[in-house]
Amino acid sequence: MQKFCRIALAVSLSLGLSVSAIAFEKPKTPEELPVLMPETQHATASKRITARFTRAHYKKVTIDDALSGEIFDRFIKQLDYARNIFLATDINDFQKYRLEFDSVLTRGKLDTAYDIYNLNMQRRLERYEYAVKLLSSKGDKNPFDFTKEEIYSFDREEAPWPASEAELDELWRLKVKSDVLNLTLTKKEWPKIKEVLTKRYEYAIKRLKQSESEDAFQLVMNSFARVVEPHTSYLSPRNAERFQVDMNLSLEGIGAELRSIEDYTVIHRVVTGGPADKSKQLKSKDRIVGVAQGDDDFEDVIGWRLDDVVELIKGAKGTTVRLQILSGDSDDEANIKVVSIVRDIIKLEDRAAKSEVYLENPDVAESKKLGVITIPSFYNNLSKDVKKEIAKLKEQKVEGIIVDLRGNGGGSLSEATLLTGLFIDKGPVVQIRDGANRIQVNSDRDGVSFFDGPLTVMVDRYSASASEIFSAAIQDYGRGVIVGEHTFGKGTVQQHRGLGRVYDLYEKPLGSIQYTIAKFYRINGGSTQHRGVLPDIAFPTAINPEDWGESKEENALPWDQIQRAKYSPLNELNTDIEYLSSLYQQRIKDNPEFNYLLEDISIYQAEKDDKTISLNLATRQSERKERKSKRLVRVNEQLTLLGKEKVADLDDLSDELDDLDPFLDEAARITFDFVSLGKIAKK
């Protein structure tokens, strides 16, 4: 009973403490902020979530004090990630309830969590009111001196909590000063800067006043879910509806999955084949800071609710939305770029596999040929489409095939098995173990290989799940060479389950949950979880496994292994891979594109741990000028190599460089080398 109580508590994640029990400071202006309270359906939802996680999750969840502490820490972290909202005294007051979170949630008594959430809203209101007051304190004169040598720390995750309101004021003075400087660097004058930021902060206040009970419940429940495992989550009724829309491919808009992180709307994933993907200007971690409809003025959306930003971006097919994008690697708003996207409905054919012929030397009539098959996702009927593409390529007498899985986040498990079957005669492809330790082996049994020539598979850090199953099988069989980056490392299977029951009489729906029910294993017995697939030939990358992917996720399930499946490798490629790798290493020494990349990686590694930014205007202008100058030199070097004219300014640059794909070019060279070895897949 205690066990179930505690897990329900963890599930509710609402920190059910009452105001009277905690003696928190009451909101100073209760008329301005709603006092959120759990609704009737939330207690039931928390108990059902707890029961489902404890009984059906792949991970064995123990409801105890350790779990309670983890839920508490996660909840506080989500409320104040930058540690610039709560005071140290607030955190000390909360500590007495740290080990009660599990039992509170298991009973569905969420008052404590709501009290903490309400106090957080009050503290946020105070901060934004301070920011507005600071902006208005000097009227039409900029209140900041940008000749001083001050530093703003934009990542305070590990910093101590502020000890006083004065210390909080100083943190927010620097934050506001940074916001003002960023807009100054975009050549805006003080009156306009004041208007933009006042509007931004006042919108944040408005957003606080529009907070709903579901907001607090969702935060609490996801604190519990993410403590269990990173791919486990609670979906509010609105998000559950959105999930179903995504699963049905009814995606109308720009084709990007968005998340809210701090005050920013962040691009989590670009849907392959969608308008955002076709623009080639958006990538994961980019932040959307402004939205405009067609030629209208931009609406500053920093600090907005995610739902409201989504509503701005969505729209009818054929209409244009413009986005102001701040790179995920920069906190300098002077580096904002504008991306125009024509909204569309993402069609299945846009996400379908496509093939093209790659010529070793386009200027030679009888140039050697390779086939390149780009697979954006593992959708239903993928294998049938790829079979057709293979037939087309064979008609054109290609000598080898490259399967490009870069950016492919996975999809259908059965399609991963069927796709592998196109390149092997028969045999096991993947093993799946459920929570009861039952192992199922998915195999190809048709006895037919549709292509038995040289095969190369391209992967990157965004290749995940089904992409990793296919790549791992090809690697374990020795069927082909894997090139690129260390893959994502997602080796788990999730199930989506609604919380509602037919007999429920609640006025509002209960939402749904997604949770892990099984784990993938390679046919060699190793899990794809955490470790992913290591390429046989690794391309240089700025993305370290610990910085992106499953390894970055807190509470990710560990790597482990089970018994090897019964299979026989088709080729022993170790010696061949050493030979191909040596040729590759020799080539890239003189490859300018790879040298540019190595230079960028070196700069990134040197700067990535610096979470501060100068608030000196001259310093920032100098840094910006230096970056643009280096970029211009590089661009002109690239244009010269292409036989194009140089440009005097980056604004004069057209799209000539957009089609450069040095990784594909090098994968092709590796494949041509592979062809020369005359390897054919065994039966």
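Visitor: Which helix supplies the largest share of the lining of the second largest pocket?

Guide: Rolling a probe the size of a water molecule over the atoms shows where empty space is left. A pocket is an open set of points on a 1 Å grid over the protein atoms alone, where a 1.4 Å probe fits, with protein on both sides within 12 Å along at least five of seven lines; lining residues have an atom within 4 Å of a point. Here α20 gives the largest share, five residues. This is a predicted model: local features need pLDDT of at least 70, side-chain atom pairs count only at pLDDT 80 or more, and totals for chains, interfaces and linings use all residues. Residues are numbered from 1 along each chain as its sequence is written, and side-chain values use heavy atoms, leaving out hydrogens and water.

Visitor: Which elements each supply at least two residues of this lining?

Guide: They are β11, α18 (592-607), α19 (617-641) and α20 (662-676); helices (H or I, at least four residues) and strands (E, at least two) are DSSP runs, numbered from the N terminus. Of the 21 lining residues, Y358, L642, L660, D665 and R669 are the closest to the pocket's centre.

Visitor: In what order do the strands of the open sheet lie?

Guide: Two strands pair if DSSP finds at least two bridges between them. The six strands follow the order β11-β12-β13-β16-β17-β20, with mixed pairing. At the edges, β11 (354-359) and β20 (537-538) each pair on one side only. Strands β12 (residues 369-374) and β13 (residues 401-404) are parallel, with four bridges, and I373 stands opposite V403 in β13.
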